[in-house]
Amino acid sequence: MRAEQNILKNLDWATIIIWFVMVMAGWLTIYAACYDYEHTRIFDMSMRYGQQLVWIAVASVFAILLIAIDTKFYGSIAIPLYVLMIGLLILTIFVAPEVKGSHSWIQIGGFRFQPAELAKYATALCLAKYMSSYGYNIKNSKNFLVTALIIGLPMLIIIAQQETGSALVFAVFILVLFREGLDGDFLIYGALAILFFVLVIKFNNIPLPPDAPIVEHYGYMIVFIIAVLTGIFLIFHYTGDIPMFNVYAITNASIWVLGIILKLIKADLLSYTLISEVSFAASALLFFIYAIIRRSRVHLRVILFFILTAGLCFAADYAFNNVLQPHQQIRIKVVMGLEDDPQGAGYNVRQAQIAIGSGGLTGKGFLNGTQTKLNYVPEQDTDFIFCTIGEETGFLGTTFIVLLYVVFISRLVYLAERQRTPFSRIYGYSVASIFFFHFCINIGMVIGLLPVIGIPLPFFSYGGSSMIAFTILLFTFIKLDTRHTETMAT
Amino acid sequence: MRYVSHVHKEDYSRRQSVFIIIVVCVAIIYLIRLFHLQVVDPSYKDSADSNAFLKQTIYPSRGLIYDRNGKLIVSNQPVYDIMIVMREIKGFDTLQFCNMLDITKDDFNDRIEVIKDRRKNPGYSSYTPQVFISNLSTFDYAKVQEKLFRFPGVFIQQKVMREYQIEHAALALGYIGEVSQAQIDMDSYYKRGDYKGQSGIEKKYEELLRGEKGYEILLRDVHGNIKGHYLDGELDLLPVSGKDLTVSLDIDLQTYGEELMNGKMGSIVAIEPQTGEILALISAPTYNPSLLVGRDRSKHYGELLNDPHKPLFDRPMMAMYPPGSTFKTVQALVMQNQGIINENTAYPCSRGYAYGGRHKLGCHAHSSPLTLPQSIQHSCNAYYCWALKALLDVNAKKYGSTGNAYDAWFNDVCSFGFNSKLGVDCTNEKSGSIPSRKFYDRYYGADRWHSSTIISISIGQGEILCTPIQIANLAATIANKGWYYIPHLLKGVKGGKIDDQYLEKHVTNIEPQYFDVVHQGMLGAVQQGTAYGGRIDSIQFCGKTGTAQNPHGKDHSIFMAFAPKEDPKIAIAVYVENAGFGATWAVPIASLMIEKYLKGFIPQNRKWIEDRILNGRLISDD
């Protein structure tokens, strides 16, 4: 009895209340999104809001069970669960029927279930388990490679299921690694890699003016210039080597001046792209020379950066045109404003923005949304559920939801930080990161800032798999958190 | 202590703030974006409305029109427009669609081209319904209706068009037509594709007849299916039907008059003197008002417009002719009023009036000298020349100058409603003209003109121009002995009233006692004078013939009359163009009209006259 009371007292009720608010708000939104004139009863099991109520109930049972289980259990099942999950993911590829082009749903009887949802949970546990093991150091390359493998394996299998959106979620574990000591440069390089990808796709696809004297690849040019400028930053960041900076600056300036003079003499002699390529190559060479002169490994890291940048640039074009599927290419182009196709790929995005935009400051009122109710917005109760919120509750409502997520994620970070064990902390950060990624990608997609990536908004989107998976993910952490007051000695 | 090994590790807990900063940055970017989407940029709201709301206009039924005896003359019939929403017509079988509507593929493409052309169709939007074909009859609609479901983005809008129970009174009733861009710009009530009265009663009383449009706001889902009324129809507006009008026309008389005028050019205007109500308003040649309804409207309109006899020209209101001898009645009244002559004043006539030494204004053979009533009865030209000379030359000193004398005459003449629009409720009335003193001063020089200079105005020729409605009003004014109501077509409005200006008596400058002698002269004209051919045994009536000189061809025949002499019920003016002397055509036509109106039939002994008129053709058929 005492232990029982202790658990209840130690539960972080703030988080549970936020969870409850989200689930209820989500259910009301699904109700609103599915509401029509023929079905007005709240507990109509033929409608999705009726079914969602069942999922909420099931998820709550899971929550209670998870709280009842001993904390040690989670550590012990982490690796078996992960292995099981990897097997299940691979199995899924072969047994799952094709649903909208992907093989990610397992059908057992009347139930459909997406193992990818479970994969996040299993990976988070496994990651926490491995990274909290004795002597683990992320800076150790063996440890780092195993960590990368734990994250990368399910990711690759899910990509093989043609469920790219779910696979991308795993990229967010880089935030967990960062918290656990991953060199901050990786974060910057990661951000630069995304930036370079976007720049290459966007600017290489700009049509040239008809009177252009020579073919230009503005994407490459911009990326190489940024890379060379980043080189300056890296010189100061890693070495503070002023003499090297002088040489670096003079070399690049000379290349540009010479290039432009040549271009003035004869416009079609060389392209700006070529000048930037020469400047880029010269910069890389300089770092190589200085690595030898100064006998420094830091310079090698910069050279790696240059090589990866060049590789990324040339691979981006290729990958975009040859690896990505046409519908993915179009989704990306739509967000970049390269393609305007209100009937086709841009339709969802356009309609989503119309629905949200028409909500105004205060919204049209609960159940009064017209865009969502009349099916203008596709997937209005799943991936695009945020539209219904935007339309019916307006800017006030969307602001509330965004802030609710910020508070929720911040609370998780706060809880993670107060954990006594690295296992709980790493797991807590994983949970916070996963929720952050879903929040970031889902809303970003709905409001047209990111390409359409079909992942749900946790606790809002309709669906049993995601509701249960997210609840398990969260309540496992809430349970782990009940131990934060206990002494380390126990 | 299991965890000691971790303690000496680097502490990265400060990195939690990096995590939080990333989260907050994303949230801020999203809130800015949301603020822009939801609060700043209104275009999303508009798109949403055009997506989801289908604001469908409900057209009110246009007011009906009855004649003075309560006969329905204009009513409504439903017609159907085929509307298309361009962005929804994807993927349907164009060929099948064309077959259904009995048009060719080229017609279809042309029509789509026009719809999309923003110059021809400035209100174009691919989201809103555009008229593809307008004015399908109920019969055509029935053929189309059952197949319509096959074509997404195509639907029917019902409208109401005019239906005419009669084939007459086209110009008086006017027609309704699609509003022009200029009309839309002027009055925001109208939207593209709306109809409004474009002439006649339909135009003049548009605001009474049209009612108020209503609308219903329907919810439309992504497939274009109607999902019911928005807010259960709370915001819908029911249309208000137009008001029914009773016009003063006696449609039987109108019909009869048009039949009499068949094959001739000219006008008949009949007025009820006591009220100013127009009993018949005939312009010949005319057309069947039903021609300007429905799908072939523009084709018919074009044909009417190009007809050399100008059936669209509203002769009673717009044709200005010299009034000829009918104007002698005005002269007789004004000259008496000015004290120049009295009923016993006699002037000689020797086949005309010689003036200015070498000139002579001719007259026909009759006894001489004549008194005032006799001058009207025989339509003596010389009499009025003498009278004008007496006014302008002999009595000039009394007024101070010839000019002043002319002014006195001018004011009296204008008090009959000449030289200005009467204010008839017809949209295209013309004012006619009586030359002013200024006009002659400018033309001849101040005080350098005399009676002989302007002698032709004494007999209603020269610079004087009057419309048939003005002459009919003259007849009514004489019948009333000096006053008139502005002639008007509107007799009553259901649930409303007619304009006050038509209830206001206009009194001329002429003293009532001067009219008896004119009545006497006009009675004489009918019974034994110039209008003898129009005599009706059982009805004593007064009339005056006239001939409007026509420099382009044969003169126009004019006759004005009122009947019966005592307590007149009808005043009438008949113009027959290129028919020569007034008595030949205009007199019998007026006489038949009077008899038809007062008795309701033409007795057997006068049928031969009727037959002659009905079969008389003064214009060629080509």
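Two strands pair if DSSP finds at least two bridges between them; strands (E, at least two residues) and helices (H or I, at least four) are DSSP runs, numbered from the N terminus. The model is a predicted one, in which local features need pLDDT of at least 70 and side-chain atom pairs count only at pLDDT 80 or more, while totals for chains, interfaces and linings use all residues. Residues are numbered from 1 along each chain as its sequence is written, and chains are lettered from A and ligands numbered from 1 in the order in which they are written.

**The sheet.** Strand 1 of chain B is joined to strand 8 of chain B by 6 bridges, and the two run antiparallel. Among the residues concerned, Gln56(B) has Glu216(B) in strand 8 of chain B as its bridge partner. An open, antiparallel sheet of 3 strands in chain B has the order 1-8-9. Its edge strands, each pairing on one side only, are strand 1 (53-58) and strand 9 of chain B.

**The contact between chains.** Two residues are in contact if their C-beta atoms, placed from the backbone, lie within 7 Å. Chain A contributes 41 residues to the contact and chain B 35. On the side of chain B that touches chain A, helix 2 of chain B gives the most, with 16 residues.

**The cores.** A nonpolar core is a set of buried Ala, Val, Leu, Ile, Met, Phe, Trp, Tyr and Cys residues joined through C-beta atoms within 7 Å, where buried means that 20 or more other C-beta atoms lie within 10 Å of a residue's own.

| Core | Size | Residues named |
|---|---|---|
| Largest | 140 residues | Most contacts inside it: Leu125(A), Leu127(A), Ile409(A), Val431(A) |
| Second, separate | 134 residues | Including Ala280(B), Tyr384(B), Leu523(B), Cys542(B) |

Beyond its neighbours within four places in sequence, Ile409(A) is in contact with Ala432(A), Phe435(A), Phe436(A) and Val23(B).

**The helix pair.** The axes of helix 5 (residues 115-131) and helix 17 of chain A come within 8 Å and cross at roughly 145 degrees. Such axes are lines fitted to C-alpha atoms over the stretch in contact, with angles running from 0 to 180 degrees between N-to-C directions. Residues of helix 5 of chain A that meet helix 17 of chain A include Leu125(A) and Leu127(A), and Val431(A) is one of those on the helix 17 side.

Conventions:
A residue is buried if 20 or more other C-beta atoms lie within 10 Å of its own, exposed if 12 or fewer, and partly exposed in between; C-beta atoms are placed from the backbone.
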